[in-house]
2 protein chains.
Amino acid sequence: MGQLTSENLTVLFLSVGVILATARIGAELVQRFGQPSVLGEILAGILLGPTCLGVIAPEWFRFLFPREGVTPAVLEGFNTIGLAMFLLVAGLEVDLSTIWRQGRAAMSVGVAGIALPFGFGLAAGIVAPRQFGMAPDSDPFTFTFFLATALSISALPVIAKTLMDLNLYRTDLGMVVIAASVFNDLIGWIVFAIVLGMMKTNSAASALSISTTIVLTLAFAIVLLTAGRWAIHRSLPFIQAHTSWPGGVMGFALALTLLGAAFTQWVGVHAIFGAFLVGVAVGDSPHLRERTRMTMHHFISFIFAPLFFGSIGLSVDFGKNFDPLLCTLVLALACVGKVFGCAIGARLGGMARAEAWATGFAMNARGAMEIILGLLALQRGVIDERMFVALVVMAIGTSMLSGPMMRLVLRLERPVRLASLLNARTFVRQLAATDRMDAIRELCASLTAVGLDRDTVEQAVLERESVMPTGIGNRVAVPHARVEGLASPLAAVGLSEQGIDFDAPDGDRAQIIFVILTPRHDDGAQVKVLADIARTFAHPKVLDDLLNVQSFTEFLATLKTHRHAEGE
Amino acid sequence: MGQLTSENLTVLFLSVGVILATARIGAELVQRFGQPSVLGEILAGILLGPTCLGVIAPEWFRFLFPREGVTPAVLEGFNTIGLAMFLLVAGLEVDLSTIWRQGRAAMSVGVAGIALPFGFGLAAGIVAPRQFGMAPDSDPFTFTFFLATALSISALPVIAKTLMDLNLYRTDLGMVVIAASVFNDLIGWIVFAIVLGMMKTNSAASALSISTTIVLTLAFAIVLLTAGRWAIHRSLPFIQAHTSWPGGVMGFALALTLLGAAFTQWVGVHAIFGAFLVGVAVGDSPHLRERTRMTMHHFISFIFAPLFFGSIGLSVDFGKNFDPLLCTLVLALACVGKVFGCAIGARLGGMARAEAWATGFAMNARGAMEIILGLLALQRGVIDERMFVALVVMAIGTSMLSGPMMRLVLRLERPVRLASLLNARTFVRQLAATDRMDAIRELCASLTAVGLDRDTVEQAVLERESVMPTGIGNRVAVPHARVEGLASPLAAVGLSEQGIDFDAPDGDRAQIIFVILTPRHDDGAQVKVLADIARTFAHPKVLDDLLNVQSFTEFLATLKTHRHAEGE
């Protein structure tokens with residue numbers, strides 16, 4: 001110890017803190033618009049990097065992110081370990097058995113979804129390597145194979161997230177897509193590992209020959225996914241029975257990841273390949289507890305991933321190297337190859353037309369994986385910075401398109417979430433009313449704050465209430481009505497310490513009252529909102545906690561953290 | 001990027017993986033003997049370091065942990081960030097309000113528990129600085145103050161853990177100890193921050209003068225714990241309401257920690273001071289959800305802490321620098337000062353004699369904090385390596401003594417835990433019996449495998465059963481008896497898919513049957529075991545999962561992970 005001076009440490013803490021804060025804020029902002037968090041993390045890095053901060057305040061930029069001395073090496077080391085952990089988490093999500101369960105459709109989507117873009121990539125690399133950003137002194141053969149792989153890889157974590165957002169994860173379509181992309185990723189990573197073996201330049205030299213590298217890589221993958229997977233599955237109960245929890249299992253998984261990473265790095269492919277395969281092998285065991293998985297997932301996705309993706313913007317000038325033509329070309333080639341390839345595979349596998357297109361757009365998301373791939377190719381001198389920027393744009397573009405395009409071809413409606421209907425002006429901390437009609441009037445009054453005609457609304461809700469009282473039990477009441485001319489659902493919420501009788505089936509007085517207004521002709525919205533409320537309040541603890549809040553912000557915070565604590 | 005070669009990365013992954021694996025194994029092994037995990041982590045580091053591996057296989061040692069190049073700097077940077085996160089977690093456990101609630105006793109324990117060892121340290125530093133391991137070119141004034149601080153600091157995380165293990169955490173005694181050590185730690189760290197300001201050597205030079213350092217440090221502490229604490233408390237609901245969970249809060253806490261660390265490092269005290277205070281300020285807010293706290297706690301304590309403490313053994317040769325006389329001297333001085341100081345304070349605060357001694361031994365644990373303190377003093381050239389080793393020995397020695405001495409002075413019995421009574425030979429996966437007397441005979445037969453007389457045992461349990469059936473509901477039955485000549489409680493457990501009627505109050509057939517034998521004269525043991533079983537099976541999910549296990553190891557794993565998942 002003692003290699004780092006006090007100033008080194010100050011800069012290290014400051015730069016890591018600034019990247020983490022900026023990247024997290026970026027991720028939150030883009031998520032508000034339904035975009036993948038990796039987009040926000042990269043944008044944050046671009047803000048902090050040579051593209052923006054480097055131009056606006058070059059001294060600050062050089063102070064925070066020095067190019068010389070030990071600091072950049074320390075940051076790179078930290079990020080590389082973080083990246084290996086991120087790949088562990090990505091691997092944990094891979095469930096090999098889904099491939100077999102989904103059978104024919106998954107297989108044909110997986111194969112066609114690789115073959116077509118891979119062919120496009122080979123053709124483009126042979127016909128026009130320079131136009132596609134081959135680095136001046138790179139080997140054309142390696143470059144062509146890299147381009148083919150880059151176009152055919154997909155990003156399981158982004159795909160899974162998109163399917164969950166659309167409520168499709170547990171449908172047949174969702175399972176085919178997941179199975180196909182598990183297959184796609186496994187093949188893609190093995191091909192990529194081989195390409196990495198070919199990419200060896202002086203700076204990344206390994207003592208082994210290319211053929212040894214390829215043989216060892218394949219052997220590692222096969223042994224880890226068969227004997228290794230079996231051994232891990234057998235070890236987990238022993239570890240859980242005899243070590244502290246969840247520390248024993250987490251330490252085991254992470255140590256294995258680091259050792260796997262060290263092995264593949266030594267072999268001459270990148271560390272991330274070993275980390276990913278260890279993740280697949282560990283995640284496949286049903287003995288791994290959900291809670292352990294979530295602890296690793298949360299810490300790594302919310303801390304290490306933002307640091308890694310945030311740092312990407314630091315190394316490349318995205319302004320200077322932005323080539324609109326190349327970006328368009330790469331994006332178009334990637335989309336056409338993948339979407340058509342998968343859609344054709346899906347049709348051959350027996351899926352309906354709309355589902356086939358949806359599968360294509362789902363599989364098209366490249367997300368984080370493409371960016372990691374591109375970064376390695378850039379570092380090893382296979383592509384130039386223009387092409388790296390184009391790959392980042394393609395990765396983000398395909399991920400952003402995925403959800404909206406699926407929604408379009410499947411004609412899905414946006415899911416209605418209780419929390420999104422509420423706002424501070426329609427929140428009544430303590431209702432003055434003591435009977436249900438007064439309570440409804442009080443809440444309807446708050447709804448006029450958002451521009452509705454009070455009398456119309458009040459009359460509609462009271463009319464509905466008089467037909468049949470709306471206490472649904474668990475101390476919740478949901479007076480509601482359909483209103484002419486409303487564009488989207490709206491709600492007001494009031495709390496009542498002493499409770500108001502809404503004639504609930506369980507006889508309890510309501511302590512939380514929602515007034516819900518839905519558009520006259522939208523049959524689905526009302527049912528969805530009511531179902532969401534019933535689900536939210538199934539556990540009495542939620543309401544107990546809500547009755548203690550001081551403000552609308554606290555109300556929302558309690559509602560949200562409860563929802564997630566129950567694993568939604 | 002691109003500062004690290006492929007070989008650097010291989011070595012980095014390998015060394016981090018090896019340290020993590022070894023340190024985790026060490027921690028688990030020492031915990032079996034009721035010792036603090038930090039002991040095992042440090043022993044693991046000594047095994048891997050110059051003390052053992054460096055002697056046995058010097059080439060391996062040099063390959064894994066090179067002294068030159070960027071690798072050691074990267075490892076140090078990683079560990080320093082990990083250390084800051086560890087201090088964040090330590091700070092999160094500090095609850096400022098306990099100090100006020102415990103009032104007089106806590107205050108007098110806190111004050112006397114610092115004053116006496118601090119006085120001892122001053123005296124020792126003035127009288128015999130060389131004998132106490134002052135580095136040759138250190139400033140005697142700084143050294144004396146360091147020694148005084150080192151003797152008076154305590155380790156809240158270790159203390160809290162010991163109290164929990166002894167089931168004393170929520171008692172009056174426990175609360176006084178916690179409050180006193182919160183007070184102790186806050187004062188100790190502020191004094192230490194000032195000492196660090198005095199310690200500035202060339203390599204750790206800051207641009208600021210000593211007085212500026214001290215003023216800024218105090219100002220930082222005061223502002224953070226008043227206005228900062230208030231601002232954080234107000235921000236948390238907003239963050240939880242409007243960002244992803246738990247990523248928003250975790251990102252916020254960690255970014256704040258890193259920025260606080262950067263600030264105090266810049267000021268001229270160490271980064272860990274800022275990290276600790278941010279932890280105190282964040283942890284004090286009741287808005288911080290337990291789940292978020294646990295995610296950070298688990299990942300950091302089980303991953304970053306083993307890496308940091310494991311690395312300590314790498315930097316120092318514990319064999320060459322082990323000075324038995326110095327170790328004994330430091331340990332004795334530390335124990336006498338702290339135990340007497342706290343006990344006197346406790347008596348003055350109105351506590352009974354046995355409790356006063358227990359308080360002294362509880363507060364005596366130095367744990368991880370002392371080691372961090374010593375490492376900084378070593379790095380800054382205030383103490384020599386002999387003294388560093390003595391401080392590590394003292395830290396571990398005081399922590400190891402803490403639990404057993406408290407048990408002794410309070411005459412506590414060891415808590416009885418269900419899991420510790422079971423073993424593979426007394427586990428029957430599927431009972432052949434279909435009625436309760438046969439089931440008891442079957443389980444008693446398995447108990448003879450551990451050397452008991454079958455007839456005596458069987459007769460005693462059947463006799464008890466015939467007086468009153470032992471079905472306790474929730475599909476659990478607990479036939480039991482007291483047996484002459486038994487040294488400690490014993491149990492056998494059997495599962496029954498179809499269930500056996502044990503005449504339970506809820507009418508359900510028992511699917512899990514425990515036969516429990518306790519020593520004839522131990523009244524407490526039987527009640528404790530039965531209570532532990534009732535608590536364990538309060539939730540039906542546990543039993544459902546247990547019915548699916550294949551082996552005793554899986555049985556134990558399921559029992560353990562359920563217990564912890566419910567927050568015990």
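Since the model is predicted, local features need pLDDT of at least 70 and side-chain atom pairs count only at pLDDT 80 or more, while totals for chains, interfaces and linings use all residues. Residues are numbered from 1 along each chain as its sequence is written, and chains are lettered from A and ligands numbered from 1 in the order in which they are written.

Start with the place where the two chains meet. Chain A puts 71 residues into the contact, and chain B puts in 71 residues (two residues are in contact if their C-beta atoms, placed from the backbone, lie within 7 Å). Helices here are DSSP runs of H or I with at least four residues, strands are runs of E with at least two, and both are numbered from the N terminus. Helix 1 of chain A gives the most to this side, with 13 residues. Sorted by class, the side of chain A that touches chain B has 39 nonpolar, 25 polar and 7 charged residues. For that sorting, Ala, Val, Leu, Ile, Met, Phe, Trp, Tyr, Cys and Pro count as nonpolar, Asp, Glu, Lys and Arg as charged, and the others, Gly among them, as polar.

One helix pair reaches across the two chains. Helix 13 (residues 290-315) of chain A packs on helix 11 (residues 247-267) of chain B at an angle of about 50°, and their axes are 10 Å apart. Axes are lines fitted to C-alpha atoms, for helices over the stretch in contact, and angles run from 0 to 180 degrees between N-to-C directions. That angle is why helix 13 of chain A is called oblique to helix 11 of chain B (under 35 degrees is roughly parallel, over 145 roughly antiparallel, 65 to 115 roughly perpendicular, and the rest oblique). From chain A, the residues making this contact are A:H298, A:F302, A:I303 and A:P306, and from chain B they are B:G247, B:M250, B:G251 and B:L254.

Chain B has helix pairs of its own. Helix 16 (residues 367-379) and helix 17 (residues 385-410) of chain B pack at about 175°, with axes 8 Å apart, so helix 16 of chain B and helix 17 of chain B are roughly antiparallel to each other. Their contact has 7 nonpolar, 3 polar and 2 charged residues. Elsewhere, the axes of helix 9 (residues 172-198) and helix 15 (residues 353-363) of chain B come within 10 Å and cross at roughly 40°, which means that helix 9 of chain B is oblique to helix 15 of chain B.

Strands turn up in chain B too. Strand 1 (residues 427-428) and strand 5 (residues 490-500) of chain B pair in the parallel sense over 2 bridges, with B:F427 standing opposite B:V493. Strands count as paired if DSSP finds at least two bridges between them. Strand 5 of chain B is also joined by 7 bridges to strand 6 (residues 510-519) of chain B, and these two run antiparallel; here B:G494 has B:I513 as its bridge partner.

Finally, chain A is divided into domain 1 (71-410) and domain 2 (418-565), with bounds from an automatic or database domain assignment. The C-alpha centres of these two domains of chain A lie 44 Å apart.
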